[in-house]
Amino acid sequence: QVQVVESGGGLVQAGGSLRLSCALSGRTFSNYAMGWFRQAPGQEREFVAAISWTGGDTYYAEPVKGRFTISRDNARNTVYLQMNSLKPEDTAAYYCTASFKRGFGVRWYQTDDNYNYWGQGTQVTVSS
């Protein structure tokens, strides 16, 4: 059974940092590209960041470039999202996702239909 489990969300003040973690089980982690999306109340789900299955390519949404960093540890079957300089507009439920498909470029990674498995989400709240 495939499981995608996020952790690390919480409440933080503006300017602070959080690190989200996501573990994939039931599949060979190193074969999967991994991504993070987020959804704020009343808004559509949006792409945040992604990392290729090799770890050699990373992609970011414009609002988080320079503040967020995605990385992966294949030995731990885990992908991370380090979030610095957090802003109140970063408040959302953050979802981890895994893709067995092969694609290229930020537009491919931004497309949620290209992902196979999704986690339940972890809440991030940034207070002003």
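Student: Which residues form a disulfide here?
Tutor: Cys22 and Cys96 form a disulfide, with their sulfur atoms 2.0 Å apart. Please keep in mind that this is a predicted model.

Student: How many disulfides are there by this rule?
Tutor: The count comes to 1 disulfide.

Student: And which parts does the pair tie together?
Tutor: Cys22 belongs to strand β3 (residues 18-25) and Cys96 to strand β9 (residues 92-99), so the link ties together parts that are 74 residues apart in sequence.

Student: Is the link left-handed or right-handed?
Tutor: The link of Cys22 and Cys96 is left-handed, with -85° about the S-S bond.

Student: Are Cys22 and Cys96 buried or exposed?
Tutor: Cys22 is buried, and Cys96 is buried as well.

Student: Let us turn to the sheet. What is the order of its strands?
Tutor: It is an open sheet of 4 strands, in the order β1-β3-β8-β7, and the pairing is antiparallel. The edge strands are β1 (3-7) and β7 (68-73), each of which pairs on one side only.

Student: How are neighbouring strands of this sheet turned against each other?
Tutor: On average they are turned by 15°, with direction ignored.

Student: Over how many bridges do β3 and β8 pair?
Tutor: Strand β3 pairs with strand β8 (residues 78-83) over 6 bridges, in the antiparallel sense. As a point of orientation, Arg19 stands opposite Gln82 in β8.

Student: Next, the core. How many residues does the largest nonpolar core have?
Tutor: The largest nonpolar core has 37 residues. Met34, Trp36, Val79, Leu81, Met83 and Tyr94 are those with the most contacts inside it.

Student: Which strand gives the most to this core?
Tutor: That is strand β5 (residues 46-51), which gives 5 residues. As a general remark, nonpolar side chains in soluble globular proteins tend to be buried together.

Student: What does Met83 touch?
Tutor: Leaving aside residues up to four places away in sequence, Met83 touches Gly16, Ser17, Leu18, Leu20, Arg67, Phe68, Tyr94 and Val124.

Student: Now the rings. How many aromatic pairs are there by this rule?
Tutor: The count comes to 9 aromatic pairs. In one of them, the rings of Tyr32 and Tyr117 have their centres 6.1 Å apart and their planes at 45°, so this pair is tilted.

Student: Where do Tyr32 and Tyr117 lie in the chain?
Tutor: Tyr32 is in the loop between β3 and β4 (33-39), while Tyr117 is in strand β10 (residues 117-118). The pair links distant parts of the chain, 85 residues apart.

Student: Does Tyr32 count as buried or exposed?
Tutor: Tyr32 counts as buried, because its relative accessibility is 5%. Tyr117, at 25% relative accessibility, counts as partly exposed.

Student: What kind of aromatic pair do Phe37 and Phe47 form?
Tutor: Their pair is edge-to-face, at 5.6 Å centre to centre and with 75° between the planes. Phe37 lies in strand β4 and Phe47 in strand β5, 10 residues apart. Both Phe37 and Phe47 are buried.

Student: Which residues do ring pairs link into a cluster?
Tutor: The cluster consists of Phe37, Phe47, Tyr59, Trp108, Tyr109, Tyr115 and Trp118.

Student: A change of topic: where is the place of Thr97?
Tutor: Thr97 is in strand β9. At 0% relative accessibility, Thr97 counts as buried.

Student: And what does Thr97 touch?
Tutor: Not counting residues up to four places away in sequence, Thr97 touches Ala33, Met34, Gly35, Phe37, Tyr115, Tyr117 and Trp118.

Student: How far apart are Thr97 and Asn116 in space?
Tutor: Their C-alpha atoms are 7.3 Å apart, and the two residues are 19 residues apart in sequence.

Student: Finally, the backbone. What is the phi of Asn77?
Tutor: Phi of Asn77 is near 55°, a positive value in a residue other than glycine. Asn77 lies in the loop between β7 and β8, and at 31% relative accessibility it counts as partly exposed.

Student: What about the phi of Ser85?
Tutor: Ser85 has a positive phi of about 50°, although it is not a glycine. Ser85 lies in the loop between β8 and β9, and it counts as partly exposed at 41% relative accessibility.

Methods:
Residues are numbered from 1 along each chain as its sequence is written. This is a predicted model: local features need pLDDT of at least 70, side-chain atom pairs count only at pLDDT 80 or more; totals for chains, interfaces and linings use all residues. Side-chain values use heavy atoms; hydrogens and water are left out. A nonpolar core is a set of buried Ala, Val, Leu, Ile, Met, Phe, Trp, Tyr and Cys residues joined through side-chain atoms within 4.5 Å. Buried means under 20% relative accessible area, exposed over 50%, partly exposed in between (1.4 Å probe, protein chains only). Helices (H or I, at least four residues) and strands (E, at least two) are DSSP runs, numbered from the N terminus. Contact means heavy atoms within 4.5 Å. A disulfide is a pair of cysteine sulfur atoms within 2.5 Å. Two strands pair if DSSP finds at least two bridges between them. Axes are lines fitted to C-alpha atoms, for helices over the stretch in contact, and angles run from 0 to 180 degrees between N-to-C directions. Rings of Phe, Tyr and Trp (its six-membered ring) pair if their centres lie within 6.5 Å; planes under 30 degrees apart count as stacked, over 60 as edge-to-face and the rest as tilted.
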